[in-house]
Amino acid sequence: MNTALKKHQLPLRVIIMCLMALSVVLVLALSITGGSFFARLLVLLGLREEDNAVTAFLLSGESFAMAGDKLAVASSVGAQLMDENAVLLSAESFAMDDPAVSASGALSVFYDVGGKAMCVISASGESVLCPAENRIRFADASDTGYVTVVTDAPDYRGRVTVYNASFSPVFTLDCGVSGYPINARVSPGEYLLVNCAGPAGSTLRFFSLHSETELACLDTGERLILDFDFLEDGTVSVLTEEALYLLTEKGEQRACIELEGEVLADYCFTGRNA
């Protein structure tokens with residue numbers, strides 16, 4: 001009889017200890033996050049209605065980007081900007097088939113790749129719906145408050161438009177014989193760089209925002225430019241499958257690092273390193 005009781009007492013003690021440990025974890029999480037963790041947990045358990053203070057990621061086809069210390073989320077049903085506790089700061093509802101987002105500490109741009117829907121939300125939460133006239137290929141939000149948009153263009157291989165923080169156009173470039181614009185970004189020093197691809201290969205073209213005259217051009221030939229971005233000191237990092245190029249914002253080449261037949265698996269541009 002006593003043996004039977006002992007067999008049932010051990011699981012009971014384990015259950016009690018597990019419940020106590022879970023309680024401690026919940027109390028610690030509540031104290032650290034100021035209640036946001038507990039509030040989100042209640043939503044997920046169905047014990048609390050979702051509101052603007054707590055947003056659950058239950059959307060389809062999401063795309064995420066860090067907007068300084070905030071989170072920008074693009075989904076099939078619109079755009080959202082949240083703080084570090086998932087508090088909803090701003091939102092716009094509109095349909096996107098292939099949602100994408102680019103964000104910086106100044107603003108975020110949400111867009112439908114291959115469509116025309118687009119929205120810009122500032123760091124303070126001000127939003128504006130700004131549909132494009134032609135199909136969108138790419139968009140980028142810079143730390144200096146510019147939005148660069150690459151779209152289709154009648155009679156051209158593509159168009160690059162740069163907008164200021166008020167989403168007024170300040171520069172437009174129609175691309176013809178130079179190739180198809182793949183992506184484009186404004187540098188910290190406010191130079192426009194456009195990555196173009198054509199039958200002869202890839203080129204990265206450099207412009208001032210005050211003139212359509214090309215300042216410089218990096219021709220990588222048959223080496224396809226996969227991506228480019230800016231390091232902390234303004235250095236331009238240009239990545240191909242075979243090499244990494246480092247240039248100034250005006251197109252002066254500083255270095256070319258050959259990958260020597262290595263297979264590129266992944267990459268990241270961050271801080272002072274690529």
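Guide: In this predicted model, a pocket is an open set of grid points with protein on both sides within 12 Å along at least five of seven lines, and its lining residues have an atom within 4 Å of a point.

Visitor: Which residues lie nearest the centre of the largest pocket?
Guide: The volume of this pocket is about 640 Å³. Its lining counts 27 residues. Nearest the centre lie A103, D140, A141, D143 and D229.

Visitor: Which strand gives the largest share of the lining of the largest pocket?
Guide: Strands 1, 5, 9, 13 and 17 each give two or more residues to the lining. The largest share is four residues, and it comes from strand 9.

Visitor: How many residues in the lining of the largest pocket are charged?
Guide: By class, 13 lining residues are nonpolar and nine are polar. The charged ones number five.

Visitor: Why is the pair of F171 and F207 tilted, rather than stacked or edge-to-face?
Guide: Stacked planes are under 30 degrees apart, and edge-to-face planes over 60. The ring centres of F171 and F207 are 6.2 Å apart. Their planes stand at 50°, so the pair is tilted.

Visitor: Is F171 buried or exposed?
Guide: Buried means under 20% relative accessible area. F171 has 6%, so F171 is buried.

Visitor: What angle lies between the planes of F228 and F230?
Guide: F228 and F230 form an aromatic pair, 6.1 Å centre to centre. The pair is edge-to-face, with the planes at 85°.

Visitor: Which ring has the charged end of R185 over it?
Guide: The charged end sits 5.1 Å from the ring centre.

Methods. Residues are numbered from 1 along each chain as its sequence is written. This is a predicted model: local features need pLDDT of at least 70, side-chain atom pairs count only at pLDDT 80 or more; totals for chains, interfaces and linings use all residues. Side-chain values use heavy atoms; hydrogens and water are left out. On a 1 Å grid over the protein atoms alone, a cavity is a set of points where a 1.4 Å probe fits but cannot get out, and a pocket is an open set with protein on both sides within 12 Å along at least five of seven lines; lining residues have an atom within 4 Å of a point. Grid points are joined across faces, edges and corners, and a volume is the space filled by probe spheres set on the points. Ala, Val, Leu, Ile, Met, Phe, Trp, Tyr, Cys and Pro count as nonpolar, Asp, Glu, Lys and Arg as charged, and the others, Gly among them, as polar. Rings of Phe, Tyr and Trp (its six-membered ring) pair if their centres lie within 6.5 Å; planes under 30 degrees apart count as stacked, over 60 as edge-to-face and the rest as tilted. Buried means under 20% relative accessible area, exposed over 50%, partly exposed in between (1.4 Å probe, protein chains only). A charge sits over a ring if NZ of Lys or CZ of Arg is within 6 Å of the ring centre and within 35 degrees of the ring normal.
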